[in-house]
Amino acid sequence: MTSQTQGIQQLLAAEKKAAEKVAEARKRKARRLKQAKEEATEEIEKYRQERERQFKEFEAKHMGSREDVAAKIRADTQVKLSQMEKAIANRKDPVIKEILQYIYQIEPQKHRNYQRK
């Protein structure tokens, strides 16, 4: 009977060791998965930063910087405004004279529905 008890004790000890090994393997697996996830996140971030840098280079090369674009728009606006002011200055007097002619050349007329009583 001692050999049976001893055999059971050995089986229990072996089962405990196996459970510990399984638990340790699960922990290692969880650590490896976590590490792989962190590495993948870092790699994704590096890739995103590289693509962002490439896009900014492309944008600067083909469109210029945003300050350049804004300065160009301001310059174009100033040119157009000055052209409009010149056009107004050139046409102001003739237009005013034409309007005044229409005002001064009024011919009074009776309305066609007017009847004397």
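The model is predicted, so local features need pLDDT of at least 70 and side-chain atom pairs count only at pLDDT 80 or more, while totals for chains, interfaces and linings use all residues. Residues are numbered from 1 along each chain as its sequence is written, and side-chain values use heavy atoms, with hydrogens and water left out.

**Stop one: the annotated region**

Select residues 8-57, which the unreviewed UniProt entry annotates as "coiled-coil region"; such annotations may be inferred rather than shown by experiment. Over residues 8-57 the chain is 100% helix and 0% strand, and the end C-alpha atoms are 73 Å apart. Helices (H or I, at least four residues) and strands (E, at least two) are DSSP runs, numbered from the N terminus.

**Stop two: salt bridges**

A salt bridge is a side-chain nitrogen of Lys or Arg within 4 Å of a carboxyl oxygen of Asp or Glu. The count by this rule is five. Select Glu50, Arg53 and Glu57, which are linked in a network of salt bridges. The closest N and O atoms of Arg53 and Glu50 are 2.3 Å apart. Arg53 and Glu50 are separated by about one helical turn because they are three residues apart in helix 1. Glu57 also meets Arg53 in a salt bridge (2.3 Å, N to O).

Next, select Arg31 and Glu24, a salt bridge with 3.5 Å between the closest N and O atoms.

**Stop three: charged patches**

Patches are made of residues with over 30% relative accessible area and no salt bridge; like charges are joined within 9 Å, and nonpolar side chains (Val, Leu, Ile, Met, Phe, Trp, Tyr) within 5 Å. Accessible areas come from the Shrake-Rupley method with a 1.4 Å probe.

Select Arg26, Arg28, Lys29 and Arg32, which form a positive surface patch. Arg26 lies in helix 1 (residues 2-62) and counts as exposed because its relative accessibility is 62%. Buried means under 20% relative accessible area, exposed over 50%, and partly exposed in between (1.4 Å probe, protein chains only).

Then select Glu38, Glu39, Glu42 and Glu43 to display a negative surface patch. Glu39 is found in helix 1 and, at 44% relative accessibility, counts as partly exposed.

**Stop four: a nonpolar patch**

Finally, select Val95, Ile96, Ile99, Leu100, Ile103 and Tyr104, which make a nonpolar surface patch of about 570 Å². Tyr104 is in helix 2 (residues 66-104) and counts as exposed, at 64% relative accessibility.

How values were computed: Lys, Arg positive; Asp, Glu negative; His and termini not counted. Charge placed at Lys NZ, Arg CZ, Asp CG, Glu CD.
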